[in-house]
Amino acid sequence: MTVRSEATRLDLDAILAVSEANREPDWLRELRRAWWQRAEATPWPTGKEEEWRRTSLERLPRDVDLLLDPPRAEIRLDESLAANGVVFADLRDAVHAHPDLVRRALSAPDATTHDAPDAAEHPLQSVGSGEWGPGVTEFDSHDKFWALAHAAWTGGTFLYVPADVAVDDALLARSIVDRGNVAYFPLTLVLAEHGARVTLLDEHRSPDGEPVWFGGVVDIRSGREAYVRYANLQRLGDATWNIGAQRVEVGPSADVTTLNAEIGSAVTKVGLDVRMTGDGGTSRVLGLLAAGDDQHIDINAFQDLAASHVTSDLLYLSALYERARAAFYGVTKVRSYAKQTSSYQECRNLLLSPEAGAEPIPVLEIETNDILRCGHGATAGAIDPVQLFYAQTRGLRPDEAERMIVRGFFEQVVHQIDSEPIKVRVLEALAGRIGTADVIEGVA
Amino acid sequence: MTVERATATSGFATGLRASDVTPGTVQVVEVDGRSLCVGLTEDGEWGAIDNVCTHDGGVLGDGELDGNAVECPRHGGRFDLFTGRVLALPPVRPVRAYATRVEGEDVVVEL
Amino acid sequence: MALPNPALSQIPDSYKYGWHDAEMKPLHVMKKGLNAQVVEEISRIKHEPEWMTKLRLKAYRHFEARPMPTWGGDLSQIDFQDIYYYVTATDKAVQSWDDVPDYIRRTYDKLGIPEAEKKYLAGVGGQYDSEVVYHNIREDLEKQGVLFVGTDEGLQRYPEIFKEYFGTVIPPNDNKLAALNTAVWSGGSFIYVPKGVHVELPLQAYFRINTENMGQFERTLIIADEGSSVHYVEGCTAPTYSTASLHSAVVEIIVKKGARVRYTTIQNWSANVYNLVTKRSTVEEDGIMEWVDCNLGSKLTMKYPSIYLLGERAHGEVLSIAFAADGQHQDAGGKIIHAAPNTTSLITSKSISQGTGRTSYRGLVKVYPGCKRSKSTVRCDALLLSDEARSDTYPYMEIDEEDVTIGHEATVSKVGSEQLFYLMSRGLSEAEASGMIVNGFIEPIVKELPMEYAVEMNRLIQLSMEGAVG
């Protein structure tokens, strides 16, 4: 048993000690300090904010040690790519090898990356059964965790792809939290210059049984006509609290797809912020949730259509077993000045146990009529008994039939994963809940 | 003055002294790890129900007692102090009710 | 679909109910502002039983204690101390139009109410500022035991049934505005339909605000006993003033076993009225509740008619039309609570935003555990007519039961230029063409309205187009 020392508490001293131990440059130490001040100045979510009403942070394991020296991410990069200027490394190493790139990729607390014309409309609290939660214009209440991770990160993954460089094979990064009773805030930074092409699988694990506060933050920026595929495979342990934030900036005519496969953790609460800031950009925001036991998965997605001729489509699918609960609160916002946009937001939930629950809430805030396409859909329900019956007439046991149907349901997202190795890993990770592909092949 | 007459042996003492309780009020009492809303009506009848409103988690013991109706302080939902039945929305699910009586000076509930 | 009437394009002002009645000589005008004495005074004027006075005062405390809602629309301009809480022109409701004071009758004549009553209504109530001035029901229904009176009269004449239900669907502490209504309520309709009685023609109530800075707080209670049915229609208009009025009603409906209630609202307040209304119904087994809610007028409407499906096989529907012209915000929708197995529901919402208008659909579908085989479908469509218009959709779902089928779909679209071009090439003006497209868009709901209202609705939409297009 480790003795808790002052040096491992989540505070500015510990953070500066981390910076010192990693011999970080002055600018980075000061950046951490600035982010820490921001984190301190940003209140914790109260549970009254619309996007925090469904997840309480009361039992978040806050009183744990900061994980000071996590194992380095498992990363491999072809030498020819490195020769072309691609950087793919543990963030701690990248800081020393490519300080200027890291400095560009790291967001700073004083920079505002996009306008907030509706700041005055910001929601307060809702009370009363005859009353409603407020509309949300931006998920500011995830900023606390964004700031904390930028102050207190002790590991992470850095990916840089120079202009017009194509990385054909998927890059794989696997980070493992090697012990419990820790807080860990890894950063994943992806910077894809104009015309760059890259696919990244970002996998996270932590041990079962012991509390972990996992505060992963992902920051993806894509330049003009960049092509980015990012898959986050969340296989955290059963006592891990996963409180994360992801930001994706989609540049002009860029094409970005993100996939979050939420498999592990006791509680997951992730804020996705997809910013369509360049004209002609395309984003797909995909999610697969397979949850059981007492898992609680709460996703907030903000699709901000802030440029013209952009397309943003979201599809989140949940298969909920046992007492699992999935909440989805997403906002598609079409800004008044964004012309000719297309967007869709879809959240579908299969309830596979009488005690499972779902709260899908897809919100639209549309400030202009100059739209090509805009809509959303949400469903929740059990497997169609007709489907189940049909599968059983083909000789499947009820449990096999159920798994086959769930896999068929997930196929709507899985078929959109255009990297074979990533598809395989995602399906492997899901197998614990929904079985392996053999079942389907056996029938077909 | 009691509602249900169960055997004295299965009751749990609430720690309340009957003479300290104002008629027409409810209060929160922790009994055997359970949080209860215990009340005494103007008519001198004792009752107890689960303390948490089934609508939105309001603390019933912090509410008001009007006749035999316990009113949740959050949104005004009402429950019957003796049966736990819903008397006014927004709750739709009842709460559990517990037989309550006075033994000597002690207010006792059956769990 | 109604074809546009060319004569209407001659009317410059698109709000035809905007006159006010200068002749009104109020019997009681309580001075502006709200405090416990005002609440007591209202109760005293009405000679109410003590329990009601106490309830009002308690509700007033809740009103004081609760913060103003900060979601939905902008409520920051409402000054509760700058409102008249009680203004009345007469001291009793009469049963013949001849007995209504002349100047009030002229108002209702202009609105076409007595005419409508003769033709196709089973009963009519008229409320003018705070009090019901007219109430009548057909004799045959009265003989069958149907009660249709002003709510104040209901409290005086039927105290037992009144006390049994009042405030049980919407308690005084439900939300700030329900608390306000409970504290200062006046007027509204009290309806009781006995077991097995079917009221074939609609009962109608007509709400008119005449006084500037008036607050109208009517309170309606409808009880449809087992196996009965009734259709209630309300219409609302007000003069166009430069300062705001407040309308904050509470409507409670109890649909008993196998009964059916339809409640239709044609809300056409002038654009200076804040319309903040709480409407809720409970439905027992095999009962049916339908809200048909058309919001055209007001500065801001916040209203989400709710249905609590408490018995097996109960069914609920909300059909909602919202039209927001320049400067208007319609924040409307519906809530369905599935609290029993085999319950079904449908919400259909059509909203249209024009100019700088804003429509928001806000809805909730909740399924409690154990409510097996519940089904709910929510369909929201929004049409945006200008590039400054705004549309929001906030569909909440809380599903705690596996064996259910719950779905929500929404679209937002604009009037297509191809569609417009086509219609204009057939000789229609842009306004006429837009009007036709909008009327087609809302047609699925309009066809559920009584015919006279359907015609009126299409006419109003057409008028709004004239004011805004071209």
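Trainee: Which residue in E18(C) is the bridge partner of C:Trp291?

Mentor: In this predicted model, C:Trp291 has C:Val318 of E18(C) as its bridge partner. That bridge belongs to the pairing of strand E15 (residues 288–295) of chain C with E18(C), which run parallel.

Trainee: What makes E15 and E18(C) count as a pair?

Mentor: Two strands pair if there are at least two bridges between them. E15 and E18(C) have eight bridges, so the pair meets the cut-off of at least two. E18(C) is also joined to strand E20 (residues 344–353) of chain C, by 10 bridges and in the parallel sense. One example there is C:Glu317, whose bridge partner in E20(C) is C:Leu346.

Trainee: Why is E18 of chain C called largely enclosed by the rest of the structure?

Mentor: The cut-off for a buried residue is 20 or more other C-beta atoms within 10 Å of its own. In strand E18 (residues 315–324), 10 of the 10 residues are buried, so the strand is largely enclosed by the rest of the structure.

Trainee: Which residues of E18(C) are buried on one side, and which on the other?

Mentor: One side has C:His315, C:Glu317, C:Leu319, C:Ile321 and C:Phe323, and the other has C:Gly316, C:Val318, C:Ser320, C:Ala322 and C:Ala324. Both faces are covered.

Trainee: What about a helix? Where do the buried residues of H3(C) fall, seen down its axis?

Mentor: The buried residues of helix H3 (residues 102–111) of chain C are C:Ile104, C:Thr107 and C:Tyr108. Seen down the axis of H3(C), they fall within an arc of 90°, so they line one face of the helix. Their cover includes helix H4 (113–120) and strands E3 (123–128), E4 (131–137) and E7 (203–208) of chain C. After H3(C) comes C:Gly112, with a positive phi near 80°.

Trainee: How does the span of helix H10 of chain C agree with its number of residues?

Mentor: Helix H10 (residues 430–446) has 17 residues, and at 1.5 Å a residue it should span 24 Å. Its end C-alpha atoms are 22 Å apart, which agrees. There is a kink of about 35° at C:Gly440, shortly before the proline C:Pro444. Buried residues in H10(C) include C:Met436, C:Phe441 and C:Ile442.

Trainee: Turning to chain A, what makes A:Val270 buried?

Mentor: A:Val270 has 25 other C-beta atoms within 10 Å. The cut-off is 20 or more, so A:Val270 is buried. This residue is found in strand E14 (residues 267–276) of chain A. Leaving aside residues up to four places away in sequence, A:Val270 touches A:Gly244, A:Ala245, A:Gln246, A:Asn260 and A:Ile299. In chain A, buried residues make up 55% of the 444 residues.

Trainee: And in chain B, what makes E2 and E9 edge strands?

Mentor: Chain B has an open sheet of four strands in the order E2-E3-E4-E9, with antiparallel pairing. Strand E2 (25–31) and strand E9 (97–98) each pair on one side only, and they are the edge strands. Strands E3 (residues 34–40) and E4 (residues 46–50) of chain B pair over five bridges in the antiparallel sense. Between them, B:Val38 stands opposite B:Ala48.

Trainee: How many residues of each class are on the side of chain B that touches chain C?

Mentor: The contact takes 10 residues from chain B and 14 residues from chain C. The chain B side has five nonpolar, three polar and two charged residues.

How values were computed. Residues numbered from 1 in each chain as written. Chains lettered and ligands numbered in written order. Predicted model: local features only at pLDDT ≥ 70, side-chain atom pairs only at ≥ 80, totals over all residues. Contact = placed C-beta atoms within 7 Å. Nonpolar A, V, L, I, M, F, W, Y, C, P; charged D, E, K, R; others polar. Expected span 1.5 Å × (residues − 1). Bend = angle between axes of the 7 residues up to and from the residue. Buried ≥ 20, exposed ≤ 12 C-beta atoms within 10 Å, placed from the backbone. Arc of directions from axis to C-beta.
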